[in-house]
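Hi,

Here is the structure I promised to pass on. Have a look at it first, and then read on for what turned up.

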Amino acid sequence: MNLPTFGFILTGICLNAIAQLLLKAGTNAVGAIHLTAENWFSTGIKLATQLPILGGLTCYVVSVLVWIIGLSRVDVTIAYPMLSLGYIINAVGAWYFLGEMVSMQRILGIGVIIVGVILLARS
């Protein structure tokens, strides 16, 4: 995989991870969502007006476009496992920006995933 291709793949991964963090920030502002027949529309409006949620959805759209470019240049059996790098980005981002706890068990689980990605990428 050459550097520009890796750049597209990594950009897609980062945008996807940022989208998750923004969506979580938006739902944190709204609170727990309990949909009912009476409140689904008002809840939808409340979610649709949250800037972090709109930003997260935008990041998703752009990440898909960038990802498609990357996939056009590399096998999916190499690119798709690299999405696991998003676990690291999300764990660090959730800890740093959202104040979430990252336990040793989570760190070990992420480490196992990373070892798997390295093995796949080298094959």
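Which residues in helix 1 and helix 5 meet each other? One thing to keep in mind as you look: this is a predicted model.

On the helix 1 side you'll find Leu-10, Ile-13, Cys-14, Ala-17, Gln-20, Leu-21, Lys-24, Ala-25 and Asn-28, and they meet Leu-85, Gly-86, Ile-89, Asn-90, Gly-93, Ala-94 and Leu-98 in helix 5. Sorted by class, the residues of this contact come out as 10 nonpolar, five polar and one charged. Two packed helices are described by the angle between their axes and the distance between the axes. For helix 1 and helix 5 (residues 85–98), the angle is about 35° and the axes are 9 Å apart. Their crossing is right-handed.

Helix 1 (residues 3–30) also packs with helix 3 (residues 51–71): the axes come within 7 Å and cross at roughly 160°. Angles over 145 degrees count as roughly antiparallel, so helix 1 is roughly antiparallel to helix 3. This crossing is left-handed. The contact has 19 nonpolar and 11 polar residues, and no charged ones.

Now for the largest pocket, which has a volume of about 230 Å³. Its lining is made of 14 residues, and Asn-16, Ala-17, Gln-20, Gly-86 and Asn-90 lie nearest its centre. Helix 1 and helix 5 each supply at least two residues of that lining, with helix 1 giving the most, six residues. By class, the lining has seven nonpolar, five polar and two charged residues.

Cheers

Terms used
Residues are numbered from 1 along each chain as its sequence is written. This is a predicted model: local features need pLDDT of at least 70, side-chain atom pairs count only at pLDDT 80 or more; totals for chains, interfaces and linings use all residues. Side-chain values use heavy atoms; hydrogens and water are left out. Axes are lines fitted to C-alpha atoms, for helices over the stretch in contact, and angles run from 0 to 180 degrees between N-to-C directions. Helices (H or I, at least four residues) and strands (E, at least two) are DSSP runs, numbered from the N terminus. Angles under 35 degrees count as roughly parallel, over 145 as roughly antiparallel, 65 to 115 as roughly perpendicular and the rest as oblique. A crossing is left-handed if the near helix is turned anticlockwise from the far one by less than a right angle, and right-handed if clockwise. Ala, Val, Leu, Ile, Met, Phe, Trp, Tyr, Cys and Pro count as nonpolar, Asp, Glu, Lys and Arg as charged, and the others, Gly among them, as polar. Contact means heavy atoms within 4.5 Å. On a 1 Å grid over the protein atoms alone, a cavity is a set of points where a 1.4 Å probe fits but cannot get out, and a pocket is an open set with protein on both sides within 12 Å along at least five of seven lines; lining residues have an atom within 4 Å of a point. Grid points are joined across faces, edges and corners, and a volume is the space filled by probe spheres set on the points.
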